[in-house]
Amino acid sequence: MKHLLCISLIVLLSGCYTSKNNNPEAMADLASQLKDIATAVDGTLKFSETPYSTTDELLKAAVNNDLRKLAPFGEYTLIVNVQDDNAVLLLCDANTALIEDAGCTAQSDIQHWGAEAIHQCEITINAQQLCN
């Protein structure tokens with residue numbers, strides 16, 4: 001009986017996770033907004049003369065300290081990864097990657113949320129290969 005309860009709970013929880021994150025319209029909207037932020041972060045990194053000691057400082061500078069621009073990502077984890085003079089942003093839900101974007105490209109780069117396999121919340125983009 002305990003095993004049946006555990007299996008039922010896992011099925012219910014995975015159903016909740018899927019319905020939250022596989023809404024294509026919501027994910028497309030988040031991807032578009034993340035693309036804008038990634039481009040701003042990448043541009044700030046490349047063209048600002050200010051040295052940023054943390055990625056949080058870089059992110060805030062990129063949105064001109066207007067944290068309302070980051071509000072759509074409030075329930076998620078947003079990771080800024082600096083690779084030389086390029087920036088990659090990763091949006092995760094808990095430890096699951098949803099969207100990954102290099103600020104140097106015109107399109108949203110990787111839609112992890114739409115993949116069949118669940119991807120860990122880890123940067124996979126090599127910006128030096130993608131951007132140069």
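Reader: What covers the buried residues of α3?
Author: The cover includes α2 and β1 (77-83). This is a predicted model, so read every value as computed from it.

Reader: Which are the buried residues of α3?
Author: Leu 58, Leu 59 and Ala 62. Seen down the axis of α3, they fall within an arc of 95 degrees, so they line one face of the helix.

Reader: And α2 against α3, parallel or perpendicular?
Author: Roughly perpendicular. The two axes cross at roughly 110 degrees and come within 8 Å, and 65 to 115 degrees counts as roughly perpendicular.

Reader: Which residues in α2 and α3 meet?
Author: From α2, Ile 37, Ala 40, Val 41, Thr 44 and Leu 45; from α3, Leu 58, Leu 59, Ala 61 and Ala 62. That contact divides into 8 nonpolar residues, 1 polar and no charged.

Reader: Thr 44, then. Buried or exposed?
Author: Buried, since its relative accessible area is 15% and the cut-off is under 20%.

Reader: What is Thr 44 in contact with, leaving aside its neighbours in sequence?
Author: Beyond four places in sequence, Thr 44 touches Tyr 52, Leu 58, Ala 61 and Ala 62.

Reader: Last one, confidence. What is the mean pLDDT of the chain?
Author: The mean is 85, with 83% of residues at 70 or more. Over residues 1-21 pLDDT stays under 50, and the model has 11 contacts beyond four places in sequence for that stretch.

Terms used. Residues are numbered from 1 along each chain as its sequence is written. This is a predicted model: local features need pLDDT of at least 70, side-chain atom pairs count only at pLDDT 80 or more; totals for chains, interfaces and linings use all residues. Side-chain values use heavy atoms; hydrogens and water are left out. pLDDT is the predictor's confidence in each residue, from 0 to 100. Contact means heavy atoms within 4.5 Å. Buried means under 20% relative accessible area, exposed over 50%, partly exposed in between (1.4 Å probe, protein chains only). Axes are lines fitted to C-alpha atoms, for helices over the stretch in contact, and angles run from 0 to 180 degrees between N-to-C directions. Helices (H or I, at least four residues) and strands (E, at least two) are DSSP runs, numbered from the N terminus. Angles under 35 degrees count as roughly parallel, over 145 as roughly antiparallel, 65 to 115 as roughly perpendicular and the rest as oblique. Ala, Val, Leu, Ile, Met, Phe, Trp, Tyr, Cys and Pro count as nonpolar, Asp, Glu, Lys and Arg as charged, and the others, Gly among them, as polar. The arc is that of the directions from the helix axis to the C-beta atoms.
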